[in-house]
Amino acid sequence: MSAFNGVLPKDGESRKIAGGPLYPLADVQALTLQAGSLNLWTRRCMQDVAKLGFDTDDVGGLIRELTKQDYRDSEWCDNGNSWAACDAYTLKRLEFIEAAGKSFRIEYFLKFALGKSGKLILIVSCHTSS
C-alpha cells in the first residue's frame with residue numbers, strides 16, 4: 001500500500017522499521033499543498049481529527065510545520081484491510097486557548113505514509129498527547 005519497499009514482519013515480530021525516516025519530509029510537505037492528497041486512512045484517525053475539529057487542510061498544515069528534529073520513529077501500521085510503512089513525528093507548538101484565555105504548549109502526534117504512487121499521503125494518526 002505504501003511507497004516503502006520493505007518486508008512486512010511476521011506475526012509476533014516487531015513492527016518497527018530501522019533507518020528512518022522512510023520518506024523525505026520535504027516531499028511529503030510539498031504534497032500537502034495539492035488538493036486531495038491527504039487521506040485519513042484509519043477509522044481512529046478520522047475520529048481523532050474530527051475530535052480536534054480539524055479537516056485534511058488542518059492536518060496538512062501540521063505536517064508543513066514539522067522539522068527533521070520532530071521525527072520519532074517508523075513502523076508498519078494497518079487499517080484493518082492493508083498495511084503501510086509509516087513515519088511518526090511529534091510536533092510541539094504554543095496555541096492560544098480562548099476558553100482559558102492563555103497559551104498552552106500542545107503536542108501533536110502524526111503518523112503517515114506515502115501511497116505507492118507517491119501522490120497520496122495516508123494519515124494513520126493525528127492526535128494530541130493528552
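**Exercise 1.** How many residues lie between E2 and E3 in their hairpin, and which residue in the turn has a positive phi?

*Solution.* The model is predicted: local features need pLDDT of at least 70, side-chain atom pairs count only at pLDDT 80 or more, and totals for chains, interfaces and linings use all residues. Residues are numbered from 1 along each chain as its sequence is written, and side-chain values use heavy atoms, with hydrogens and water left out.

Step 1. Strands (E, at least two residues) and helices (H or I, at least four) are DSSP runs, numbered from the N terminus. Strands pair if DSSP finds at least two bridges between them.

Step 2. E2 (residues 71–78) and E3 (residues 83–97) are antiparallel and share seven bridges; cysteine 77 has alanine 84 of E3 as its bridge partner.

Step 3. Four residues separate the two strands of the hairpin, and glycine 80 in the turn has a positive phi of about 95°.

**Exercise 2.** Determine the strand order of the open sheet and its edge strands.

*Solution.* Step 1. Strand E3 is joined to E4 (residues 102–114) by eleven bridges, again in the antiparallel sense.

Step 2. The five strands are ordered E1-E5-E4-E3-E2, with mixed pairing. E1 (38–40) and E2 are the edge strands, as each pairs on one side only.

**Exercise 3.** Is threonine 32 buried or exposed?

*Solution.* Step 1. Threonine 32 is placed in the loop between helix H1 (25–31) and E1.

Step 2. Its relative accessible area is 8%. Buried means under 20%, exposed over 50% and partly exposed in between (1.4 Å probe, protein chains only); threonine 32 is therefore buried.
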